[in-house]
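Please look through the sequence and the model below before reading on.

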Amino acid sequence: MRTETPILIRLEDYRPSDYLIDTVELDMRLHPRETRVVATLALRPNPAGRPNAPLVLDGDDLVLVGLTLDGTVLDEAAYSASASALTLHAPPQAPFTLTIETRIDPTANTKLMGLYRSSGVYCTQCEADGFRRITYFLDRPDVMAVYTTRIEADAAEAPVLLGNGNLRESGPAGPGRHYAVWDDPHPKPAYLFALVGGRLDRVSRDFTTVDGRAVTLAVYVEPGKADRAGYALDAIARSMTWDEEAFGRAYDLDVFNVVAVSDFNMGAMENKGLNIFNDKYVLASPETATDADYAAVERIIAHEYFHNWSGNRVTCRDWFQLCLKEGLTVFRDQEFSSDMRSRAVHRIGEVRTLRARQFPEDAGPLAHPVRPKVYAEINNFYTATVYEKGAEIVRMLRTLIGPAAFRAGMDRYFSDNDGRAATVEDFLAAFATETGRDLSALAQWYERPGTTVIGVEGHYDSSARTYRLCFRQRLPGAEDGPPLAVPIALGLVGEDGPIAASCERVVEGVFVLDRPSDEIVFTDVDARPVPSLFRGFSAPVRIEMASSDAERLTLLAHDTDAFTRWQAGQSIAMRLIVERTKAEAPSADGTGPDAEAFIAALSTFLDAEALSDPAFAALVLGLPSEGDVANEIGRNIDPDAIHSARRTLRRQVGRGLGSRLEALHTAMADGPDAAFSPDAASAGRRALRNAALDLIAAADEGRGAELAAAQFTDSTNMTDRLAALSALAAIPGEAREDALHAFGTRYAAEPLVLDKWFAIQALIPEEGTISRVGRLQDHPAFAMTNPNRVRALIGTFGMANPTQFARPDGAGFRLMADAVRMIDGTNPQLAARLLTAFGSWRMLEPGRQAQAKATLGEIVSAPGLSRDVADILGRTLGTG
Ligand code: TRP
Ligand code: ZN
């Protein structure tokens, strides 16, 4: 049992640093095992800090080699050094210079934090606290300095040398060696430091900013892969133009570099002028990338670029303010993607992600406020709550004050805080000042964990011709807190479409609920209407309202808002699946409680609209996932019952839609000679085609297998090929194994494609999957040290295969526990993230719950757990 109590860091304990660092000169001599780092820091006491305080520089796994103060070697009594800190007991109370030499081993660095090597390429990852693995430093975001970096390396091993900012000079440095010096004029916190050295191919283009600056944009990738970097390069230019137009933000250096590496803990990192990416979010070609991959490359390129303002120019005072940069930047990337693609379709995708990832987090033991108040390990707070719910708060702010005031407030936020480390309060103050409004009820969203429930009742009075809507807000587990401001975009719908009724409390289609309960009255309503609520999903809440399928079908058919239309269909499907989970024995013949009206509505919808908006049609055809259903039921979950209930409804829908599906599957195919295009319209057609294929296979496995096999062979793009393989993978038998074998062989040299192959196999909802996943761990292309491989195989198994992960015999839990323990020794961040697969264990029925608890208990008792894993374990079990 782990007995040491973790050290907790609290927001309320924040105080300014006692010392500041104005400039940093880094001299890095890259070597695979002995990289020498000399850091020259210009320090001074912080007027806002405590006078005469000791100077405590952070370190992590460091060895001090040399130390001078103002050029003089320091007396040993004047300081103490350990792997985790360098302390000067009585530093000068005037500006002084420290020169610190450390030696680090990038090859041994398997945590992928600090300086490490990925396929031989030297790279860094410093957020949140990786810079202290390079040199001793005040490694906190409110200490901002101007950096100069000299990088020296073997010219053959690392012909490309990149740093933050602009290249000042480069040249030879002795036999076989060369160097480069990079200047970054913008003060920044250490977490935005980066360097890269290695053999890389490059694609580039020019860009001129709106204020006339000439910028070279470049993307660096593994040798031989330059032909897959063009989409990312184009996405950078589109992101730059968009940020100029949408937010008035222009780029501020002469170069913008993106480097793709194959070993990376997360998606990408916004280091100043030198973004480093997981190559999964850079490389894309029709042969290797799906439409979803293209969209993800575009979104993440934009996200990291947008951080140049929301994160870098204005950074965070401390890590509790993480949502200040992440929530805001997610909001910005969502807006960008919506402008590049279909706004309505994109919004539905955002809501699906939020509900699939953030709602369960908020309902389970890892729940935390968007701005946490305490943490043991900050790397465990890069969560769906901070990112996605954080973005929803920004969206609600815009809905509350309107787009013009929002833009003015953003301009003020950027100008008031440029070059500063800011807080959530600074952010809200910009909008409060701009609008003169009190935003305290909105600010509550940052403080309160849990998903708010909005109860709604509608009352129609035919004699008064009024319609009254009563709202009540409730935050489960926190009933007595102050109310939140909940923007509710709404309207009324009748049999012939939207109803133009009036209500003075609805402004620009939005009613703001900012009390525990409230009601509004519409006048001049001629017949009982159907309320269309939370249009565009205007607040991240759950809604409780007694509505009939007939009302939902009215919305699906006649509402003007795509989100509420889609939601109406989903709600009916959800009801049908939940009812089927309660049936004694789910029927094997594909029948169940009446779904006829739903299927008839889907048929009508497809006939009328499938051709005009295939992407939306594909979403409407998609049933709620097994995870969605589990979250809806919320307790005593039996994943097998959910799986078979959902399968039963899929079969019924597939049979009910019948020949329409085959017609769509044919009509939506890319023409044989059409050049592949990843644009949203083409992607939408493929999405609908593959949604049809999925339902055909649900209705008739034989026919589905036949069509899928043909599609698998004939397809000219990865989206269709992978969809065919997924369909085949759901049908046991030789065809499946043949297809898996063919795919594995064809892409044996393509790690990112093999990830898809690992994931498809990890998803198979059959008993044999556990041994299949075990075998795949021994596949030559699999490596426990590569985060993408681990997430594809083991992460997918734990997060997206509920019947096999939560097997009643506990074997799925044990597989995950074994992987977590093994990986914790090399990469704690990755291990901790995998462990979050247990986040919803308390929702399970008692037998599975007991298995999960026993497995978690076994991990707890293992010796030498990392802080990352210990933190997640403690909170998951409720002991931390
Ligand atoms: N700031 C990065 C982003 O969201 C994410 C990030 C945080 C990260 N810590 C990391 C990426 C560690 C890689 C490794 O844009
Ligand atoms: Zn980010």
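At what angle do helix α13 and helix α14 pack, and how far apart are their axes? This is a predicted model, in which local features need pLDDT of at least 70 and side-chain atom pairs count only at pLDDT 80 or more, while totals for chains, interfaces and linings use all residues. Residues are numbered from 1 along each chain as its sequence is written, and side-chain values use heavy atoms, without hydrogens and water.

Helix α13 (residues 626-633) and helix α14 (residues 639-657) pack at an angle of about 120 degrees, and their axes lie 10 Å apart. Axes are lines fitted to C-alpha atoms, for helices over the stretch in contact, and angles run from 0 to 180 degrees between N-to-C directions. Helices (H or I, at least four residues) and strands (E, at least two) are DSSP runs, numbered from the N terminus.

In the contact (heavy atoms within 4.5 Å), Glu 626, Val 629, Ala 630 and Ile 633 of α13 meet Ile 642, His 643 and Arg 646 of α14. These contact residues comprise 4 nonpolar, 1 polar and 2 charged, where Ala, Val, Leu, Ile, Met, Phe, Trp, Tyr, Cys and Pro count as nonpolar, Asp, Glu, Lys and Arg as charged, and the others, Gly among them, as polar.

Elsewhere, an open sheet is formed by 3 strands in the order β4-β8-β7, with antiparallel pairing; two strands pair if DSSP finds at least two bridges between them. Its edge strands, each pairing on one side only, are listed here.

| Edge strand | Residues |
|---|---|
| β4 | 55-58 |
| β7 | 79-81 |

Strand β8 (residues 85-88) pairs with β7 over 3 bridges, and Thr 87 in β8 is the bridge partner of Ser 80.

Conventions: Chains are lettered from A and ligands numbered from 1 in the order in which they are written.
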